[in-house]
Amino acid sequence: MPELRVQNVRRESAGGSQTLTADFLLGGRKQRVWLRTDDGPISATANPFVPIALIPAMRRNWGLSIDGGVSSRLLEGADQVQETLTRWYPRLHRVSIRAAAEEPRPARQQRPVALFFSGGVDSFFTLRQHREEITHLIFVHGFDIPLGRRRERRRMRESIGCLAASLDLQLVEVDTNLRQFGQPHVSWPGEYFGAGLAAVALLLEPRFERVYLAASVSSEQLQPMGSHPDLDPHWTDGSVRLVHDGLRATRFEKVRAIADWPPVHSHLRVCYQKNARALNCGRCKKCLWTMMILSASGHLDRIETFATPLDLAALRLYPPVHKYERDRFVEALALLAERDGDPRLRATLQAMLDAEGRLPLRGRINRILVRGRNYLAHRFPARRRGE
């Protein structure tokens with residue numbers, strides 16, 4: 001069995017930032033994987049590299065060897081993660097992890113509480129629900145926005161920075177190329193997303209008591225995915241706690257719960273598309289579906305961050321496929337009927353439900369193109385000097 005080796009774990013300080021770096025070796029190939037954040041305490045252990053390396057190793061059936069100490073609590077959690085993922089995905093394999101187990105660090109109370117924040121519906125919902133305890137927002141560059149897209153990253157930095165200041169929260173930014181490492185091997189949403197978030201939480205372990213991860217679906221809509229309540233809590237070294245939050249509300253309920261909150265009106269961002277004129281392009285599936293729910297609830301005109309009005313012809317390119325997606329459309333139709341809302345939108349949603357998930361040809365082509373561009377953008381991001 002080939003072996004993926006994680007070596008030369010090191011912490012570096014330069015120019016007001018802290019970077020944790022490791023060399024990933026497989027055969028004769030070496031790739032440098034790093035996580036960088038602002039000046040402040042970060043982990044000096046190999047713990048953050050466990051989730052980064054494990055899921056690709058499981059996909060390729062590599063043994064995993066990690067130089068340096070790893071929390072015994074995290075190794076136990078990784079075993080639970082492997083058990084769950086191999087049960088969900090037959091293509092993944094159980095692999096051995098060779099590392100020096102260290103005593104877990106005790107949980108420390110009265111530390112700040114953070115939330116991974118993307119500006120989207122899920123993270124806004126968790127922020128509003130836990131506003132009194134959350135003190136920090138964490139935004140990660142290199143996850144949904146590739147590192148090479150500097151303009152989009154700058155736009156998000158400005159938007160979330162403004163939001164944080166208005167709510168008296170502190171913003172923590174993290175840059176990482178971990179997705180570039182995992183992209184050729186695993187599905188980001190299907191298998192790797194939660195591991196990426198866990199790596200960042202473990203990096204920032206000295207700073208926080210717990211970190212919230214916003215759920216993307218409700219408990220009734222749960223299915224195997226990279227961030228999941230059966231996975232996320234296991235990615236811990238015993239000191240920082242990861243909390244998968246928001247399972248009690250559907251996407252539709254979340255949109256309605258935050259739609260009247262003023263911070264959402266000027267900072268909501270659900271779009272990952274390149275070169276959008278605003279925070280949201282208004283043309284992709286994520287934009288159109290969110291705008292559909294906002295329109296059905298009568299709140300779309302309050303949101304300032306969409307570049308265009310809701311285009312019903314464009315919306316029809318993206319009918320719901322899965323049950324939890326169809327549920328959103330059914331709820332939207334029910335609300336439109338209750339409010340005696342836009343008859344054109346009602347007819348459009350009914351036609352999309354009647355299509356039973358069959359995508360028009362243009363919709364299928366768009367989906368393939370978007371996925372291809374997204375893969376390449378994360379696999380081969382533009383490099384900045386020193387990265």
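1. The side chain of T176 reaches the backbone oxygen of W34 at 2.8 Å. A polar atom of the T176 side chain also lies 3.1 Å from the backbone nitrogen of L178. Both are polar contacts (a pair of N or O atoms within 3.5 Å; within protein, one must be able to donate a hydrogen and the other to accept it, and residues adjacent in sequence count only if both atoms are side-chain atoms).

2. The model is predicted: local features need pLDDT of at least 70, side-chain atom pairs count only at pLDDT 80 or more, and totals for chains, interfaces and linings use all residues. Residues are numbered from 1 along each chain as its sequence is written, and side-chain values use heavy atoms, with hydrogens and water left out.

3. T176 belongs to strand β8 (residues 170–176); strands (E, at least two residues) and helices (H or I, at least four) are DSSP runs, numbered from the N terminus. With a relative accessible area of 1%, T176 is buried (buried means under 20% relative accessible area, exposed over 50%, partly exposed in between; 1.4 Å probe, protein chains only). Beyond its neighbours within four places in sequence, T176 has contacts (heavy atoms within 4.5 Å) that include W34, V140, H141 and F143.

4. Strand β6 (residues 113–116) has V113 and L115 pointing one way and A114 and F116 the other, and all are buried. β6 runs parallel to strand β9 (residues 210–214), joined by 3 bridges; strands pair if DSSP finds at least two bridges between them. A114 stands opposite V211 of β9.

5. β6 also pairs in the parallel sense with strand β7 (residues 136–141), again over 3 bridges, and L115 has L137 as its bridge partner there. The chain passes from β6 through helix α3 (residues 121–129) to β7 in a right-handed β-α-β crossover (with the strands pointing away from the viewer, the path from the first strand over the helix to the second runs clockwise).

6. The rings of F124 and W261 are edge-to-face, with centres 6.0 Å apart and planes at 85 degrees. Rings of Phe, Tyr and Trp (its six-membered ring) pair if their centres lie within 6.5 Å; planes under 30 degrees apart count as stacked, over 60 as edge-to-face and the rest as tilted. This pair links distant parts of the chain, F124 in helix α3 and W261 in the loop between α7 (251–258) and α8 (262–267), 137 residues apart. Both F124 and W261 are buried.

7. F143, W188, Y192 and F193 form one aromatic cluster.
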